[in-house]
Amino acid sequence: YPFPKAGGIEIRACHLSNESQSLSWGWRWRRWREEYDMAQKHTLMEDIHTASEWAAGNLSKTGYRADYSLESIREIERWIQENPQLFDGNSGSIIFAIGSYVGETMNRAYHGSWKTDDSDPQGELNIQVQIGTSIFWPVQRVMRRIRDGEENNLYDYVCAADPNAKSMSAGSFLDRFRRKK
């Protein structure tokens, strides 16, 4: 499978707060996975684009802005905060999809490119975005965000990738985060 084997698809069905959202994330994911399993060959690049589009479509259907803009990363943050139950069990596939969306947003915003290794047994976790000479690991960052909380904010991570941003000293970097509290 193209997604982390530890993650699988056996996620619990999540009833979202908005009654008009008739399909749960769990059900949508299982249905998408069944359709995806029909494909015989795939590469990480194909998986990234498929998962990213799946995440964008389902985020949009459930009331979140998912247009690959920098502002949509704030929506991802809100979605993570509002749906913590999705990450209680086997959530590797969702993490991969959200990481793919975050990476694709970085690529579009900063003219980056994907770096993958189809021979890597943990290739889904190690997909990279290269922007200039900098390398970013969006799936790993999503994992840290879920595990460690807001201190690993995805919006700040994406904004830090901006090659045109003024560099700052370690002290001013820390001050930036201290002022937020």
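Let's start with Ser69. This serine sits in the loop between helix H2 (44-61) and helix H3 (70-82). Keep in mind that we are looking at a predicted model.

Is Ser69 buried or exposed? Its relative accessibility is 19%, so Ser69 counts as buried; the cut-off for buried is under 20%.

Now its partners. The side chain of Ser69 makes a polar contact of 2.6 Å with the side chain of Asp67. Another polar contact, of 3.4 Å, goes to the side chain of Arg65. Leave out residues up to four places away in sequence, and Ser69 touches Tyr101 and Thr105.

Next, aromatic rings. How many aromatic pairs does a search of the whole structure find? The search gives 3. One of them joins Trp79 and Phe87, edge-to-face. Their centres are 5.7 Å apart, with 90° between the planes. Trp79 is buried, at 0% relative accessibility. Phe87 is buried too, at 14%.

Then take Phe136 and Tyr157. Their ring centres lie 5.7 Å apart and their planes meet at 85°, so this pair is edge-to-face. Phe136 belongs to strand S3 (residues 134-136), and Tyr157 to helix H6 (residues 154-160). The two are 21 residues apart, so to speak, linking distant parts of the chain. Both Phe136 and Tyr157 are buried.

Charges meet rings as well. Arg74 puts its charged end over the ring of Tyr155, 3.8 Å from the centre. Arg108 does this over the ring of Tyr68, also 3.8 Å from the centre.

Last, confidence. The chain's average pLDDT is 79, and 69% of the residues score at least 70. Residues 1-23 fall below 50.

Terms used. Residues numbered from 1 in each chain as written. Predicted model: local features only at pLDDT ≥ 70, side-chain atom pairs only at ≥ 80, totals over all residues. Heavy atoms only, no water. pLDDT = per-residue confidence, 0-100. Contact = heavy atoms within 4.5 Å. Helix = DSSP H or I, 4+ residues; strand = E, 2+ residues; numbered from the N terminus. Buried < 20%, exposed > 50% of the residue type's maximum accessible area, 1.4 Å probe, protein only. Polar contact = N/O pair within 3.5 Å; in protein donor to acceptor, adjacent residues only side chain to side chain. Phe/Tyr/Trp six-rings, centres within 6.5 Å; stacked < 30°, edge-to-face > 60°. Lys NZ or Arg CZ within 6 Å of the ring centre and 35° of its normal.
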